[in-house]
Every structure is written in C-alpha cells, then in structure tokens.
Amino acid sequence: MNVREALGAYFIMGSNNANLDPLFVLEQALKGGITLFQFREKGANAKVGDEKVKLAKDMQQLCKQYNVPFIVNDDVNLAINIHADGVHVGQDDESAVNIKKNCPSHFIVGVSATNLAEAKQAVIDGADYIGVGPIFATNTKEDAKAPIGLDGITEIRDAVGDIPMVAIGGIKHEHTPGIIKAGADGVSVISAISQAESPLVAARDIRELVDQHKSV
Ligand code: 3NM
C-alpha cells in the first residue's frame, strides 16, 4: 500500500458517529471516494465483544469491495485477528515499537500526535504515518487537546521530514486546501462525513479537493 496516497481522504467512524446505519454511511463514503477507512468503535454505547467483531468484519468487507484499506483504532488484537490492513494508536495505547515487533510486516501502524515531541517520538518508534491534531476544535472526541491550527501542521512537518502525515480534528471539507498546503498529506474526518446530509457528496467533495491540491 502507498500510505501517503491512502491518507488523502481518510474517513474514521464507529457506530455511534452516525445517525443512519453505519454500514450505509460507510458505503456512501466509499462511493464518494474515500481512500482509507478506520474503524473506531469507542465512547457512549460502543459495541463490544462479538457485536464489535461482527461490525468490524462487515465494514472490512465493504472496504474490500471498494479496494479501500481498512484500519482498526486501538484494538491491536482485533486488527490482527481479522487481518486488517493496520492499526491506529493514540498516545495512551500500545506503543508502535511493540506493535511493529508483533505484527505482520505489511501491517500499517499509525500514531496520533498532538505536539512536536509526540510526533518526533512516533517517527523514532517506527510509525508508518502520524495523525496530527486536533487542528480545530471538535466535539467528536471528548478528551481532545487544544487545537494546533494550520501552523501546528507546518511546525510538525518541518521537524519530522517526509513521513506520511494526516491532519485530524474539526476538519470540514473546505479546510482541505489549507491543510494540504500547510504540509499534511491528507485530511481525516469523522463528523464531516458521518453527520453529513449526504455522506457520499461530503466524501466526494473532500476527495476532489485532495486530488486538486495534493500534487501541486
Ligand atoms: N482524534 P471530527 S480529534 C478521533 O486530536 C480524533 O487526535 C483527534 O472528529 C486528535 O472530524 C478526533 O468529527 C475527532 O472532528 C475527529
């Protein structure tokens, strides 16, 4: 997988992020052109156990149909058991060093970073990509840190070299050009797609802006 390309229009969702059937929302987003999907089943009323595994597998199957890589948030065992394409971990989760040691070599490991020190450490730990944020204020993640803004992206990009990097947090489709110009390889969103009137149109808008601005 070309990680940098996959990060372009990166959709993240769990069952509690959508008002409609999450499988319907995911398929709409896939039709709209998302380039990567992360299954993030956490927070209020999140599914656990067999129900969580079933939803993960159903979503993974949909992603396969559209040839879009499927990544699991936090739950390394689930990611390995269902042969996901990778895992994304936060600062409080298992370290990328351990995951890299215990996972198949094709496994993509993404790490969240909210400041320069965390971003640099993620690179040292062998992350395949970093997710930096929050860029703007967000209500989707309860414990989100202070927004780092577009300047925060550039500061981190200047310090970490060319590791694939995606921006997250409070992002709407119209922010995409500024985020790419600031140094990110793509945008990752939850609510901008999952809560959109049309997830398909929302995904398509983001994908088009990524394609227009990424190569310039
Ligand atoms: N991680 P929305 S912000 C999952 O800062 C997540 O690391 C963040 O949701 C971080 O696109 C966030 O709806 C929530 O703002 C993103």
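Analyst: The end C-alpha atoms of residues 10-193 lie 10 Å apart, and this span is 39% helix and 18% strand. Helices (H or I, at least four residues) and strands (E, at least two) are DSSP runs, numbered from the N terminus. This is a predicted model, where local features need pLDDT of at least 70 and side-chain atom pairs count only at pLDDT 80 or more, while totals for chains, interfaces and linings use all residues. Residues are numbered from 1 along each chain as its sequence is written, and side-chain values use heavy atoms, with hydrogens and water left out.

An unreviewed UniProt entry gives "binding site" for Asp74 and Asp93; such annotations may be inferred rather than shown by experiment. The two span 20 residues in sequence, yet no two of their C-alpha atoms are more than 6.5 Å apart, so they gather at one spot.

Asp74 is in the loop between strand 3 (70-73) and helix 4 (76-81). With a relative accessible area of 23%, Asp74 is partly exposed, a class between buried (under 20%) and exposed (over 50%), using a 1.4 Å probe and protein chains only. Beyond its neighbours within four places in sequence, Asp74 is in contact (heavy atoms within 4.5 Å) with residues including Lys42, His88 and Asp93.

Asp93 occupies the loop between strand 4 (86-89) and helix 5 (96-102). Asp93 is also partly exposed, at 27% relative accessibility. A polar atom of the Asp93 side chain lies 2.6 Å from the backbone nitrogen of Gly90.

Definitions and conventions. A polar contact is a pair of N or O atoms within 3.5 Å; within protein, one must be able to donate a hydrogen and the other to accept it, and residues adjacent in sequence count only if both atoms are side-chain atoms.
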